[in-house]
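This note is intended for a colleague who is opening the structure for the first time. The points below may be read alongside the sequence and the 3D view.

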Amino acid sequence: MFQFDIAAGSKADLYHDLTAALDALTADEPDAIANMANAAALIWQYLPDLNWAGFYRAVDGELVLGPFQGKPACIRIALGSGVCGTAAATRETQLVADVHAFPGHIACDAASASEIVVPIVHEGRLVGVLDLDSPSAGRFDADDRKGCEALVAILAPRVA
């Protein structure tokens, strides 16, 4: 459906293409779970060096596992706990170069070394978080933050 040549352009170009593809995939679909599932698959397929890509949904005051790609994951995370819970509680992107140095890190996969978590907020309401893990320390940078926040901006009203 989509073809990206990761080696041919910059990271900014890759995220631009991913954002356009995500927009096209989710534009006319009203189902939040379907949109999260396609987003997780798209990210997993085209972002290199990931070992987990997916969502946790805000349900009754906690985060509950949503659609993802990767190994089985923790099912429930308390707000404020770990990287995902911190992103949800603060509503701020968490960019963690070394998850083992993050206070209270929840190790769903011992192979994860770095992580980025972007809160999904729509009309002031926490909907969930986008969570990406990598087996490489320092995998995520400011370009990933900007790109993932752009993906979430497209997705937020479509998963709310």
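1. In this predicted model, helix H1 meets helix H4 through Lys11, Tyr15, Leu18, Thr19, Leu22, Asp23 and Thr26. On the H4 side, the partners are Asp143, Asp144, Gly147, Cys148, Ala150, Leu151, Ile154, Leu155 and Arg158.

2. H1 spans residues 11–26 and H4 spans residues 142–159. Their axes come within 9 Å and cross at roughly 10°, and H1 is therefore roughly parallel to H4. By class, the residues of this contact comprise 8 nonpolar, 3 polar and 5 charged.

3. H4 also meets helix H2: Ala32, Asn35, Met36, Ala39 and Ile43 in H2 are in contact with Leu151, Leu155, Arg158 and Val159 in H4. The axes of H2 and H4 come within 9 Å and cross at roughly 160°, so H2 is roughly antiparallel to H4. The contact of H2 with H4 consists of 7 nonpolar, 1 polar and 1 charged residues.

4. Which residues touch the most other members of the largest nonpolar core? They are Leu18, Ile43, Leu47, Phe55, Leu130 and Leu132, in a core of 29 residues. At least two residues each are supplied by H1, H2 (32–46), strand E1 (52–59), strand E5 (114–122), strand E6 (125–134) and H4. H2 provides the largest share of this core, with 7 residues.

5. Leu47 deserves a separate look. Apart from its neighbours within four places in sequence, Leu47 is in contact with Leu14, Tyr15, Leu18, Leu132 and Arg139. The model also has a second, separate core of 16 residues, with Ile77, Cys84, Val117 and Val129 among them.

6. Is Ser114 buried or exposed? This residue of strand E5 has a relative accessible area of 0% and is therefore buried, the cut-off being under 20%. When residues up to four places away in sequence are not counted, Ser114 touches Val96, Ala97, Val99, Leu132, Asp133, Ser134, Ser136, Ala137, Gly138, Arg139 and Phe140. With Arg139 there is also a polar approach: a polar atom of the Ser114 side chain lies 3.4 Å from the backbone nitrogen of Arg139.

7. Two residues link the preceding two points. Arg139 is among the contacts of Leu47 and among those of Ser114.

Methods
Residues are numbered from 1 along each chain as its sequence is written. This is a predicted model: local features need pLDDT of at least 70, side-chain atom pairs count only at pLDDT 80 or more; totals for chains, interfaces and linings use all residues. Side-chain values use heavy atoms; hydrogens and water are left out. Axes are lines fitted to C-alpha atoms, for helices over the stretch in contact, and angles run from 0 to 180 degrees between N-to-C directions. Helices (H or I, at least four residues) and strands (E, at least two) are DSSP runs, numbered from the N terminus. Angles under 35 degrees count as roughly parallel, over 145 as roughly antiparallel, 65 to 115 as roughly perpendicular and the rest as oblique. Contact means heavy atoms within 4.5 Å. Ala, Val, Leu, Ile, Met, Phe, Trp, Tyr, Cys and Pro count as nonpolar, Asp, Glu, Lys and Arg as charged, and the others, Gly among them, as polar. A nonpolar core is a set of buried Ala, Val, Leu, Ile, Met, Phe, Trp, Tyr and Cys residues joined through side-chain atoms within 4.5 Å. Buried means under 20% relative accessible area, exposed over 50%, partly exposed in between (1.4 Å probe, protein chains only). A polar contact is a pair of N or O atoms within 3.5 Å; within protein, one must be able to donate a hydrogen and the other to accept it, and residues adjacent in sequence count only if both atoms are side-chain atoms.
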